[in-house]
Amino acid sequence: MRGLESLQPSARSAAPPVGYLIDAQDALTRAHRDEWARVVATTARRFGNLDTAEDAAAEAFAIATERWPVDGIPPNPGAWLTTTASRKAIDGIRRESSREGPVSRNLPVSKP
């Protein structure tokens with residue numbers, strides 16, 4: 001029957017082949033070479049801070065080294081890395097604002 005192909009399990013859900021770890025490492029190496037600058041530039045443009053963008057991109061690549069060998073290489077590694085970097089940047093900004101928020105509220109306000 002037509003249309004039942006989408007109900008079949010995908011090839012990615014099968015057990016990874018023996019050389020899959022090497023393939024994931026190769027994909028990470030290629031992604032780093034091809035996508036690093038784009039991930040940093042996109043994240044910096046979105047958040048307006050190069051340091052935040054570089055930190056978030058580094059975290060995204062670190063997560064990729066853990067996840068890709070297990071979960072599989074995403075269809076679009078650059079987009080995966082950019083999305084992960086953006087989410088890490090948001091997490092960092094939230095962490096910083098929550099760290100600074102209560103302290104600034106407890107400070108006495110001096111009137112000139």
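A salt bridge, for today, is a side-chain nitrogen of Lys or Arg within 4 Å of a carboxyl oxygen of Asp or Glu.

First, what you are looking at. This is a predicted model, in which local features need pLDDT of at least 70 and side-chain atom pairs count only at pLDDT 80 or more, while totals for chains, interfaces and linings use all residues. Numbering runs from 1 along each chain as its sequence is written, and side-chain values use heavy atoms, with hydrogens and water left out.

Overall layout. The protein chain has three helices and zero strands. Its pattern along the sequence is α-α-α. Helices (H or I, at least four residues) and strands (E, at least two) are DSSP runs, numbered from the N terminus. Helix α1 covers residues 20-47 and helix α2 covers residues 50-71. Helix α3 covers residues 77-106.

Now contacts. A contact means heavy atoms within 4.5 Å. Take the contacts in the protein chain with a separation of 6 or more: residues 24 or more positions apart account for 68% of them.

Next, surface. The protein chain exposes about 8,300 Å². Carbon and sulfur atoms supply 56% of that area. Areas come from the Shrake-Rupley method with a 1.4 Å probe; for residues, only the protein chains shown count as cover. I call a residue buried under 20% relative accessible area, exposed over 50%, and partly exposed in between (1.4 Å probe, protein chains only). Of the 112 residues of the protein chain, 25% count as buried.

Back to the salt bridges. How many does the structure hold? Three. Let me take them in sequence order.

Arg33 counts as exposed, at 58% relative accessibility. Asp34 is partly exposed, at 43%.

Then Glu35 and Arg38. Here the N to O distance is 2.7 Å. Both residues lie in helix α1, three residues apart, about one turn of the helix. Buried or exposed, what is Glu35? At 16% relative accessibility, Glu35 counts as buried.

Then Arg67 and Asp71, at 2.9 Å, N to O. These two are four residues apart in helix α2, so about one helical turn separates them. Arg67 is partly exposed, with a relative accessible area of 42%. Asp71 is partly exposed too, at 38%.

On to the aromatics. Rings of Phe, Tyr and Trp (its six-membered ring) pair if their centres lie within 6.5 Å; planes under 30 degrees apart count as stacked, over 60 as edge-to-face, and the rest as tilted. The structure holds two such pairs.

One is Trp36 with Phe61. The ring centres are 5.6 Å apart and the planes sit at 50°, so this pair is tilted. Trp36 is in helix α1 and Phe61 in helix α2, so the pair ties together parts that are 25 residues apart in sequence. Trp36 is partly exposed, at 29% relative accessibility. Phe61 is buried, at 8%.

Trp68 and Trp80 form an edge-to-face pair, 5.4 Å centre to centre, with 70° between the planes. Trp68 lies in helix α2 and Trp80 in helix α3, so this pair links parts twelve residues apart in sequence. Trp68 is buried, with a relative accessible area of 1%.

Trp68 also turns up in the core. A nonpolar core is a set of buried Ala, Val, Leu, Ile, Met, Phe, Trp, Tyr and Cys residues joined through side-chain atoms within 4.5 Å. The largest one has 17 residues. Which members touch the most other members? Ala31, Val39, Ala64, Trp68, Leu81 and Ala85. Each of α1, α2 and α3 supplies at least two residues of this core.

Thr82 counts as buried, at 18% relative accessibility. Leaving out residues up to four places away in sequence, Thr82 touches Val39 and Thr42.

Thr84 is buried, with a relative accessible area of 13%. With residues up to four places away in sequence again set aside, Thr84 touches Ala60 and Ile63.

That is the tour. Over to you.
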